[in-house]
Structures are given as structure tokens and as C-alpha cells.
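Please read this briefing alongside the sequence and the coordinates.

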Amino acid sequence: MRSLVSRGDCRRGGALLSAPGPLGDPAMPNRPRPLVAGNWKMNGLRRSLRVLGEIEQGYTPGLKAKADLLLCPPATLVLTAAHVLVGSGIAVGGQDCHAKEAGAFTGDIAAEMLADAGATFAIVGHSERRQYHGEKDAEICAKAAAAHRAGLAAIVCVGETQGEREAGKTLAVVRRQLRGSVPEASRRANLVVAYEPVWAIGTGLTPTAADVAEVHALIRDELRRIVGKAEEASVRILYGGSVKPANAKELLAVENVDGALVGGASLLAADFLGIAGAYLA
Ligand code: PEP
């Protein structure tokens with residue numbers, strides 16, 4: 001895959017534009033406001049948008065007080081989803097974006113197009129993009145910078161493969177991915193990090209709470225270098241990989257876990273709301 005922007009350019013680039021705020025309960029200034037994000041992947045036709053209405057209905061004032069919700073449908077549905085959810089407090093995001101604003105890149109979508117359609121977030125560096133599209137850290141960094149340029153918050157995904165975990169390389173891999181794929185100009189308002197162990201995605205397997213805590217602590221530490229001490233604690237770090245209503249409470253209670261990136265379970269309103277509902281108790 002082509003390298004669109006040099007690593008140096010990418011890590012300096014990216015204006016800080018308006019994006020959803022991560023700040024949470026003023027009584028707990030060091031804990032960001034939780035974010036539960038759904039990634040529909042390549043699933044969803046127009047009729048699937050009724051799920052959004054069901055999620056909106058279940059986004060009660062009680063839940064609204066506790067957590068932000070975000071849904072990332074396929075690109076064909078972003079515009080309509082944003083219309084359906086207007087005024088609901090539920091955000092809409094894209095699943096990927098190109099590093100350039102426009103040009104001869106058949107089949108790609110620019111961050112500006114997502115923003116124009118009503119998105120406020122873009123997932124970048126999902127392991128399925130890394131695996132099936134050969135995306136490397138430098139390109140992901142350029143995509144995150146493009147999201148910032150367009151005024152979107154970038155959800156930068158990192159995570160080790162099963163082989164890397166078995167080889168004891170998890171922390172080194174996550175550190176390398178973070179250093180390579182998060183633009184230096186990132187701020188708490190436009191950055192979310194998602195830790196998604198590749199072996200946990202869509203498999204029903206999850207790391208132990210202790211394993212999640214260890215990786216999230218490393219990410220928090222790395223964030224200090226990126227956004228500085230004043231903002232480090234308020235960047236949201238999501239856990240993703242086989243989150244279900246049955247395990248959400250345990251995973252979301254882990255230190256430095258500020259929400260979830262949910263794949264399969266975001267396709268059904270009851271499951272997605274069941275996960276977000278972990279914040280109600
Ligand atoms: C994902 O793909 O981001 C994901 C977390 O998938 P799942 O929840 O289905 O494991």
C-alpha cells in the first residue's frame with residue numbers, strides 16, 4: 001500500500017478542530033466520560049437503521065448521564081444515520097478514512113466526506129484494515145491526522161495478534177503501534193485509543209481483567225508523551241474484542257478502561273444497550 005504522507009509530516013500535522021468532548025463527571029475529573037462505540041463493519045442495509053431508533057429509545061436520561069454512545073455504520077449509511085440520530089445525543093462515525101482530502105483514489109472516502117455527512121468520529125487502524133488492506137502505522141497516522149484536519153475525533157486501534165501475545169510481545173507491539181500511528185498533534189478532544197487484541201475480535205475470547213489493565217496502563221503512560229501530562233488522564237481508552245452484555249461489567253470496570261469498541265454485539269440494540277447499561281449500576 002502506498003505511503004501517502006511521511007511519518008514526520010503526519011506526526012506534526014493535524015489541526016485541532018471541534019470534536020466531541022471527552023470530559024466526564026466533574027466530581028471525578030481524572031476519569032473521562034465513558035464512550036461505548038459500535039462498529040458495524042460491512043453489515044447493514046437501509047432497513048438496519050431501525051436498530052438506531054431502538055438504541056435511541058434505550059438511551060434513557062439515566063444512561064445519557066453516564067456514557068456517550070457512538071455508532072459507526074458502513075459508509076453508505078453514515079449520512080442517513082446522522083439524520084436519524086440528530087438530536088439524540090448519539091454520535092455517528094466512519095470506519096476508515098483516506099489520508100487525502102480529495103483525489104483519484106477510487107473506492108476510498110475522505111475524512112472531509114465523513115464530516116460532511118454528519119460524522120464526528122473516524123475509526124482508523126482497525127486490525128481488519130491492518131490485516132486485509134496491509135495498512136501500516138505510518139499510513140494509519142496519516143489517516144488519523146486527516147480525521148483531525150476534518151474536525152473528527154480519531155479512534156486509533158492497536159492490539160497484538162495471538163502469536164505476538166504468546167511470544168510475550170504484547171506491550172512492545174502496542175507501544176510501537178501507538179508511537180507510529182498517533183499524530184503528535186493529537187489532543188484529548190480529538191483522540192480515542194482502542195485496545196483490541198486481534199485474537200479477541202469476533203472469537204468470543206477475551207483477555208483477563210489483569211491483562212487488560214496492564215495494556216491500558218501502558219497506553220495511558222504513552223499518552224503522557226503524546227498529549228502531555230495535563231491531558232493524558234482524560235483521553236479515552238476503549239477496550240474492544242468480544243465485548244458482550246455478559247462480560248461488559250467486568251471489562252468496563254478495569255482501571256483505565258473508559259468504554260468499549262463493540263463489533264458484533266452492536267448490531268442488535270438490546271446487546272449494545274446491554275453493554276452500555278453496565279455503566280448504570
Ligand atoms: C471490532 O471489530 O472492533 C470488535 C471489537 O469486534 P467484536 O466485538 O465482534 O469482537
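Helices (H or I, at least four residues) and strands (E, at least two) are DSSP runs, numbered from the N terminus. By that convention, S186 lies in the loop between α9 (170-181) and β6, and the protein has 13 helices and eight strands. This is a predicted model, in which local features need pLDDT of at least 70 and side-chain atom pairs count only at pLDDT 80 or more, while totals for chains, interfaces and linings use all residues. Residues are numbered from 1 along each chain as its sequence is written, and side-chain values use heavy atoms, with hydrogens and water left out.

**Overall figures**

- Of the 281 residues of the protein, 52% count as buried, where buried means under 20% relative accessible area, exposed over 50%, and partly exposed in between (1.4 Å probe, protein chains only).
- The accessible surface of the protein comes to about 12100 Å², and 54% of it belongs to carbon and sulfur atoms; such areas come from the Shrake-Rupley method with a 1.4 Å probe, and for residues only the protein chains shown count as cover.
- Among contacts (heavy atoms within 4.5 Å) between residues at least 6 apart in sequence, 75% join residues at least 24 apart.

**Ligand site**

- The ligand has 14 residues around it, of which K41, H126, E196, G202 and S242 come nearest; a residue is counted here if one of its heavy atoms lies within 4 Å of the molecule.
- By class, this shell has four nonpolar, eight polar and two charged residues, with Ala, Val, Leu, Ile, Met, Phe, Trp, Tyr, Cys and Pro counted as nonpolar, Asp, Glu, Lys and Arg as charged, and the others, Gly among them, as polar.
- A polar contact is a pair of N or O atoms within 3.5 Å; within protein, one must be able to donate a hydrogen and the other to accept it, and residues adjacent in sequence count only if both atoms are side-chain atoms.

**Strands and their pairing**

- Strand β5 (residues 153-158) is largely enclosed by the rest of the structure, because six of its six residues are buried.
- In a regular strand the side chains alternate between the two faces of the sheet.
- Both faces of β5 are covered, with A153, I155 and C157 buried on one side and A154, V156 and V158 buried on the other.
- Two strands pair if DSSP finds at least two bridges between them; β5 pairs in the parallel sense with strand β4 (residues 121-124) over four bridges, and A153 is the bridge partner of F121.
- Strand β6 (residues 191-195) runs parallel to β5 and is joined to it by five bridges, with V193 as the bridge partner of V156.
- Strand β3 (residues 91-94) directs A91 and G93 one way and V92 and G94 the other way, and all are buried.
- Two bridges join β3 to the parallel strand β2 (residues 68-72), and A91 is the bridge partner of L70.

- S186 is buried, at a relative accessible area of 0%, and its side chain reaches the backbone oxygen of P183 at 2.7 Å.
- Leaving aside neighbours within four places in sequence, S186 is in contact with H148, L191, I226 and V227.
- Y59, in the loop between α2 (50-58) and α3 (61-64), is buried with a relative accessible area of 5%, and a polar atom of the Y59 side chain lies 2.6 Å from the backbone oxygen of A67.
- Not counting residues up to four places away in sequence, Y59 touches several residues, including R33, D68, S88 and L273; the C-alpha atoms of Y59 and S88, 29 residues apart along the chain, are separated by 8.2 Å.
- F272 is found in helix α13 (residues 269-276) and counts as buried because its relative accessibility is 0%.
- Beyond neighbours within four places in sequence, F272 is in contact with residues including V36, I55, L70 and V262, and F272 and G58, 214 residues apart in sequence, are 9.8 Å apart in space, C-alpha to C-alpha.
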